Amino acid sequence: PKPKLHQDLTDMLKSGEGADVTFSVGDQLFPAHRCILAARSMVFRAELFGAMKEKDAHCIKIQDMEPAVFEALLHFVYTDSMPDDCDDTDSLPDDCDDNAAVNIVAIQHLLVAADRYGLDRLRLLCEAKLCRDIDVQTAATTLALAEQHQCTQLRGACIGFIASRDVLGAVMETDGFKHLITSCPAIMKEILDKVAAVWSNK
């Protein structure tokens, strides 16, 4: 028979059978298994078994995270893969004007969650997806995210996009750019140096 560990763990996560810890995220509850979490993340290990152990370790409240993001994080912990709907814009709200942009924001949030829980492979998978989907509207916010979480590959891709495609003016008009300059003021010089280098080679 073909290996089916991936499917077995997916079924275990979905059914909640044998779960010995519950996470409260927003208005949703997520049952999970301590040993699997601890084996996959040193942060979870410390939170569940170490010095950081929660006083009420049976139900742990997660702050500053959307339920859908935590659900995707758990999916990765159990399966070592991103959920299929990370690329499925049909799963996003019908009233979204730009489903692709909303999906990029979801991946940005998942990257933050991966960094928070020390899941380096998930962080790099998110980084790679964001590198492929940089556009005028998301370049600045993605660059600010890359700066905050030390994502070297993503940082370089964002600066390269802004400098090489004559889009700096359009990017500067976005709300994300205003946030970028406020949170990472030194980055502007690097962007302009890159633009100058590109133009000098034309």
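Predicted model: local features only at pLDDT ≥ 70, side-chain atom pairs only at ≥ 80, totals over all residues.
# Why those words? Terms in this model

Student: Why are H1 and H4 called oblique?

Tutor: Helix H1 (residues 5-15) and helix H4 (residues 67-79) pack at an angle of about 140°, with axes 9 Å apart. Axes are lines fitted to C-alpha atoms, for helices over the stretch in contact, and angles run from 0 to 180 degrees between N-to-C directions. Under 35 degrees is roughly parallel, over 145 roughly antiparallel, 65 to 115 roughly perpendicular, and the rest oblique. The angle of about 140° falls in the rest. H1 and H4 are therefore oblique.

Student: What makes H8 and H11 oblique?

Tutor: The axes of helix H8 (residues 152-164) and helix H11 (residues 187-200) cross at roughly 55°. They come within 9 Å. That angle also belongs to the rest, so H8 and H11 are oblique to each other. Their crossing is right-handed. Among the contact residues are Arg155, Ile159 and Ile162 of H8 and Glu190, Ile191 and Lys194 of H11.

Student: How do the residues of that contact divide?

Tutor: Seven are nonpolar, two polar and three charged. Ala, Val, Leu, Ile, Met, Phe, Trp, Tyr, Cys and Pro count as nonpolar, Asp, Glu, Lys and Arg as charged, and the others, Gly among them, as polar.

Student: How do you know that E1 and E2 pair?

Tutor: Two strands pair if DSSP finds at least two bridges between them. Strand E1 (residues 21-25) and strand E2 (residues 28-32) have five, in the antiparallel sense. Val21 has Ala32 of E2 as its bridge partner. E1 and E2 form a hairpin with two residues between them. Gly26 in the turn has a positive phi of about 60°.

Student: What makes the pairing in this sheet mixed?

Tutor: The order of this open sheet is E2-E1-E3. E1 pairs with E2 in the antiparallel sense. E1 and E3 pair in the parallel sense, over four bridges. Val25, for one, has Ile62 of E3 as its bridge partner.

Student: Why are E2 and E3 called edge strands?

Tutor: E2 and strand E3 (59-62) each pair on one side only. Neighbouring strands of this sheet are turned by 25° against each other on average, direction ignored. H4 lies across E1, E2 and E3, at about 10° to E2.

Student: Which residues of E3 are on its covered face, and which on the uncovered one?

Tutor: Ile60 and Ile62 are on the covered face. Cys59 and Lys61 are on the uncovered one. In a regular strand the side chains alternate between the two faces of the sheet.

Student: Why does Thr142 count as buried?

Tutor: Buried means under 20% relative accessible area, exposed over 50%, and partly exposed in between (1.4 Å probe, protein chains only). Thr142 has 1% relative accessibility, so it counts as buried. Leaving aside neighbours within four places in sequence, Thr142 is in contact with Gln108, Leu130, Leu154 and Cys158.

Student: What makes H7 largely enclosed?

Tutor: Thr142 has its place in helix H7 (residues 139-148). Seven of the 10 residues of H7 are buried, so the rest of the structure largely encloses H7. They include Ala139, Leu143 and Leu145. Just after H7, Gln150 takes a positive phi of about 50°.

Student: Tyr117 lies in a loop. Why is Tyr117 still called buried?

Tutor: The loop runs between helix H5 (99-116) and helix H6 (120-132). Tyr117 has 2% relative accessibility, so Tyr117 is buried. Not counting residues up to four places away in sequence, Tyr117 touches several residues, including Ser41, Phe44, Ile62 and Leu73.

Student: How many helices and strands does the protein have?

Tutor: There are 11 helices and three strands. Helices (H or I, at least four residues) and strands (E, at least two) are DSSP runs, numbered from the N terminus. Of the 202 residues in the protein, 43% are buried.

Notes:
Residues numbered from 1 in each chain as written. Heavy atoms only, no water. Contact = heavy atoms within 4.5 Å. Left-handed = near helix turned anticlockwise from the far one by under 90°.
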